[in-house]
Amino acid sequence: MGSYGGAANESPVIPNALLAPYQMGQFSLSHRIVMAPLTRSRAIGHVPQPAAALYYAQRATPGGLIITEATNISQTATGWVDSPGIYTEEHIEAWKPIVKAVHDKGGVFFCQLWHVGRVSHTAFQPNGSAPVSSVVERLEGEVTLPNYEEAPYSTPRALETEEIPLIVEDYRKAARNAIAAGFDGVEIHAAHGYLPDQFLKDGFNTRTDRYGGSLENRCRFPLDVVRAVAEEVGSERTGIRLSVFQYHDSMKSSDPIGLGTYLCEHFNAAKILYAHFVEPRMRAGQTSIQTEQNLQPFRKVFKGTFLVAGGYSREDGIKAIGSGYADLVVYGRLFLANPDLPKRFALNAPLNSYDRSSFYSPDQVKGYTDYPFLDENKLSPSL
């Protein structure tokens, strides 16, 4: 796929490297297969539902890392129908039994903190106000509203300079709430065109204050978030997801390697637990392209645990781990459709196909908790 550069030739690939244990800071992982953050639209009214406990527990393994679906840090941060929140006491209490269900299976559970920025509509915002972003530029396309009708994205307003520290505080509070709900840590969602990305990309951020222009200025807000979250819950419980090669409309970086490298250097200074990068081949949405670019420059710089994501197969994952290209490999749609994915990878067993039509739905069973497991009677190895 052209994603591993020369790394695969530098050391031999060990058999089934995905099943090797790994020490991620204080967390002893039994394998390298991570469940990706997957928006599912099952949190009715933005409150996590009881079915989520079964959904996540089905996919939990002893010493397996799971990252929640993207979780709103405030009402202003919201832009996706029935996506969960972590900004009220009701949210905290709703998450607690879900976290317990994963911990009862021995899993490690991180909450992904989300602010969509301009990827929203006034229908989601307090008092019908405009969504916020780094600049005033509307996202092309349509959004599903709370009533499940479709409408064009709303035009955002640019955050005032003095408002940005308030958003940083929203991240801090959300991280605190996640720990109160029992999560082991948090992942800051700074990828895929959401608010932190709206500051990072020079093709989009045309601000002229201290949050725009130079690389240092464009990274200021996301790094302030990193430092605030790490200060609040501990750097050893803080991760971040990035997609420096990806673009949405004008949201493109002229120097993604320079951007990612600069961020990794500052992540090192903050001593955060992990960095979760999306592969360059995933350029826009779920579209995969052929490219010789890879994540090796960031792997070489970042000193913490290095996670990779983006269209990985079992074989790709084994190569990535065995070659030293990554520490952990993140799987999304395959994990969605195969609750026992680590076991299937251990046996090289057939995989269920996913049903794209049920990815986003209020249905608490279909396409959510009803994907079949392997026939236990036919299994020998286990995780």
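I started at Gln125, where a polar atom of the side chain lies 3.2 Å from the backbone oxygen of Thr76. I call this a polar contact: a pair of N or O atoms within 3.5 Å, where within protein one must be able to donate a hydrogen and the other to accept it, and residues adjacent in sequence count only if both atoms are side-chain atoms. The model is predicted, with local features needing pLDDT of at least 70, side-chain atom pairs counting only at pLDDT 80 or more, and totals for chains, interfaces and linings using all residues. Residues are numbered from 1 along each chain as its sequence is written, and side-chain values use heavy atoms, with hydrogens and water left out.

**Entry 1**

I placed Gln125 in the loop between β6 and β7. Strands here are DSSP runs of E, at least two residues; helices are runs of H or I, at least four; both are numbered from the N terminus. Is Gln125 buried or exposed? Gln125 counts as buried, because its relative accessibility is 3%. The cut-offs are under 20% relative accessible area for buried and over 50% for exposed, with partly exposed in between (1.4 Å probe, protein chains only).

I then listed what Gln125 touches, not counting residues up to four places away in sequence: Gln75, Thr76, Thr78, Ser120, Ala130 and Pro131. Contact means heavy atoms within 4.5 Å. I also checked a distance to Ala191, 66 residues apart from Gln125 along the chain; the C-alpha atoms are separated by 21 Å.

Next came Ser120. Its place is in the loop between β6 (108–114) and β7 (132–133). Ser120 has a relative accessible area of 0%, so I logged it as buried. Which side chain does the side chain of Ser120 meet in a polar contact? It is that of Gln125, at 3.0 Å. With residues up to four places away left out, Ser120 touches Thr78, Gly79, Gln125, Pro131, Tyr153 and Ser154. The C-alpha atoms of Ser120 and Thr208 are separated by 24 Å, and these residues are 88 apart along the chain.

**Entry 1: Ser83**

I found Ser83 in the loop between β5 (71–72) and α3 (89–104). Ser83 is buried because its relative accessibility is 0%. Its side chain makes a polar contact of 2.9 Å with the side chain of Asn72. Among the residues that Ser83 touches, not counting those up to four places away in sequence, I noted Ala43, Asn72, Thr78 and Trp114.

**Entry 2: Asp197**

Asp197 is in helix α5 (residues 195–200). A relative accessible area of 2% is why I wrote it down as buried. A polar atom of the Asp197 side chain lies 2.8 Å from the backbone nitrogen of Gly193. Beyond four places in sequence, Asp197 touches Ala190, Ala191, His192, Ser243 and Met251.

Gln364 sits in the segment after α11 (341–347). At a relative accessible area of 22%, it is therefore partly exposed. Which backbone oxygens does the Gln364 side chain reach? One is that of Arg42, at 3.0 Å. Another is that of Pro362, at 2.9 Å. Leaving aside neighbours within four places in sequence, Gln364 is in contact with Arg42, Ile44, Gln49, Ala51 and Thr369. Gln364 and Ile44 are 320 residues apart along the chain, yet their C-alpha atoms are separated by 9.8 Å.

The structure holds 1 cavity of 30 Å³ or more. A cavity is a set of points on a 1 Å grid over the protein atoms alone where a 1.4 Å probe fits but cannot get out; lining residues have an atom within 4 Å of a point. The largest cavity has about 50 Å³ of space. Grid points are joined across faces, edges and corners, and the volume is the space filled by probe spheres set on the points.

Its lining is Arg42, Ala43, Pro48, Gln49, Ala52, Glu69, Pro84, Trp95, Gln364 and Tyr368. By class I noted 6 nonpolar, 2 polar and 2 charged residues.

**Entry 3: whole chain**

The protein chain has 11 helices and 17 strands. Its C-alpha atoms fill a box of roughly 60 × 45 × 35 Å along the principal axes. Buried residues make up 60% of the 383 residues. Of the contacts between residues at least 6 apart in sequence, 72% join residues at least 24 apart.

Methods
1 Å grid on protein atoms, 1.4 Å probe; cavity = no way out; pocket = protein on both sides within 12 Å on 5 of 7 lines; lining within 4 Å. Nonpolar A, V, L, I, M, F, W, Y, C, P; charged D, E, K, R; others polar.
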